[in-house]
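Student: I would like to learn how to read a few structural features. Please take them one at a time.

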Amino acid sequence: MLTPEEVKTLLSDMESDRVERTISTTDTNKFGQAICAFANDLPNHNLSGYLIIGADDKTGKVSGQVNITDQLLQNLGGIKTDGKLQPQVSMTVEKVALPEGDVAVVTVQPCEFTPVRYEGRIWIRNGSRKCIASEADEKLLLEKRISRMQTFDALPCIDATIDDIDVAAFQQGYLPKAFPEEVLRTDKRTVKQQMQALGYFNTKHNCPTYAGIIMFGVNPERFMPGCYVQYVRFGGLNRAAKVENEYKFSGNLVKVLSQLDTFVDASITNRKPVFVSALREEIKVDYPHWATRELLMNAICHRDYQGNGPVQFYQYDDRIEIMNPGGLYGKATPENFPYVNDYRNGVVAEGMKVLGFVNRYSRGVQAVQDELKTNGNGEAEFQLHFATAFLVVEHLSVHTTKGEKKGEKKGEKKGEKKEVKKELKEVLDLIRQNPNITYNELMTELHITQTPLYRRVKKLKDMKVIKREGGRSSGRWIILD
């Protein structure tokens, strides 16, 4: 609330791009345009603008003849919500009593989501003059909006405090990797100030950012219920199979990333000797450690932390599937992936880079594909058609024989081979009958979901029996045999 002395100060100066005065009490359009212009704050003062009703616009003297009624104050307040001002702005309306008479003051805060429009037009202040924005002005307002927008992880986690941060994890597990020892020795800032400098704390609201909770939180799930990784080992080829093992990797990323790295190396890689000659063996793995870890780290880095679902790390007899909430983000599209990258969680991505788990060079996917091909897994499949999720499939290495696959019995080997041939023949027969059949139609005819269908189609493509020309919905199948 403004004091009478503050209002006198505003009236004693000339009209400016932050102050407009008028004795009119009925020109609602004029009021709305002024509020719009203050909210746009084209000069970028980042300070309040003031519309003062009851004072002369040239001299600033209080009229004393203007009756500041409750109805006038209600009308002024109604400008915010009558639908003509878009988006809605932050403003207050008050009556201030001065010795010369009463005035009404509308205080308008600069809007973060510029440009603001009143009745479809963008109003700005050019000194003491109010006018409609030019194309150049509108571009500046759009750029200002973009510069103020923050990713979710950079936003303040209002309900959290410094007590929700594992300070030891930040000071002992992160800072020594982020800065040289001599720099840390001379750093006299508080923990809050250090975290703020790195994007993990918001001193304005005196709380951690969501990135701070994700990276160093005592219990991140309290603020983001889906902030964990769910591992499940299925004893078969789909989710209908028996669950043989499951584990929940929960906690802050300083702890979880190291746990996952160790888990992949110890439990997923599965090293074993493979006969090469009478005098030599080579060590082969089911899933190469670095490639699998990279796919998993990418899922954690690029996931949508606003949802309630976890990162799914599911292992089957013949593949691993990693699915994270949130599809491709920003500039990344199905057409330019993986050559164009964008960061849904920029602060978290930088933190994971400091810890050594991502590189941020947009080369990880290609390096993963090279390592998988070298190990005999074939290239990973990136399924980009999900609107709200991202799925990658990593196939079991060909060095693992069927008899070695977990859960397979010797007596089942021959029968399983026949079943695989039958599955492929069913797909091939449908394509012979209708070369224009779509993926969705194939799923409907075969009564299966996307992943099993893609697996069968890939086998047929690898065997050079079929190929696809055109898009997923408008293309056609070509039979090569």
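Student: Which residues in helix 14 meet which residues in helix 15?

Tutor: First, this is a predicted model, in which local features need pLDDT of at least 70, side-chain atom pairs count only at pLDDT 80 or more, and totals for chains, interfaces and linings use all residues. Residues are numbered from 1 along each chain as its sequence is written, and side-chain values use heavy atoms, with hydrogens and water left out. Helices (H or I, at least four residues) and strands (E, at least two) are DSSP runs numbered from the N terminus, and contact means heavy atoms within 4.5 Å. On the helix 14 side the residues are Y439, L442, M443 and L446; they meet Q450, L453, Y454, R456, V457 and K461 of helix 15. By class, this contact has seven nonpolar, one polar and two charged residues. Here Ala, Val, Leu, Ile, Met, Phe, Trp, Tyr, Cys and Pro count as nonpolar, Asp, Glu, Lys and Arg as charged, and the others, Gly among them, as polar.

Student: At what angle do the axes of helix 14 and helix 15 cross?

Tutor: Two packed helices are described by the angle between their axes and the distance between the axes. The axes of helix 14 (residues 439-446) and helix 15 (residues 450-462) cross at roughly 110° and come within 10 Å. Axes are lines fitted to C-alpha atoms, for helices over the stretch in contact, with angles from 0 to 180 degrees between N-to-C directions. Helix 14 and helix 15 are therefore roughly perpendicular; the cut-offs are under 35 degrees for roughly parallel, over 145 for roughly antiparallel, 65 to 115 for roughly perpendicular, and oblique for the rest.

Student: Is L391 buried or exposed?

Tutor: Buried means under 20% relative accessible area, exposed over 50%, and partly exposed in between (1.4 Å probe, protein chains only). L391 has a relative accessible area of 2%, so L391 is buried. L391 belongs to strand 18 (residues 389-395). Leaving aside neighbours within four places in sequence, the contacts of L391 include I322, M323, F382 and T451.

Student: Where is K192, and how does the accessibility of K192 count?

Tutor: K192 is in helix 7 (residues 191-197). K192 counts as partly exposed because its relative accessibility is 29%. Not counting residues up to four places away in sequence, K192 touches I162, F201 and N206.

Student: How many aromatic pairs does the structure hold?

Tutor: A pair of aromatic rings is described by the distance of the centres and the angle of the planes. Rings of Phe, Tyr and Trp (its six-membered ring) pair if their centres lie within 6.5 Å; planes under 30 degrees apart count as stacked, over 60 as edge-to-face, and the rest as tilted. The structure holds 18 such pairs. In one of them, the ring centres of F234 and Y316 are 5.1 Å apart with the planes at 10°, so this pair is stacked. F234 lies in strand 11 (residues 228-234) and Y316 in the loop between strand 15 (311-315) and strand 16 (319-325), so the pair links distant parts of the chain, 82 residues apart. F234 is buried at 6%, and Y316 is buried at 2%.

Student: Which residue lies over the face of Y316?

Tutor: A charge sits over a ring if NZ of Lys or CZ of Arg is within 6 Å of the ring centre and within 35 degrees of the ring normal. R319 lies over the face of Y316, at 4.0 Å from the ring centre. R468 lies over the face of W477, at 4.6 Å.
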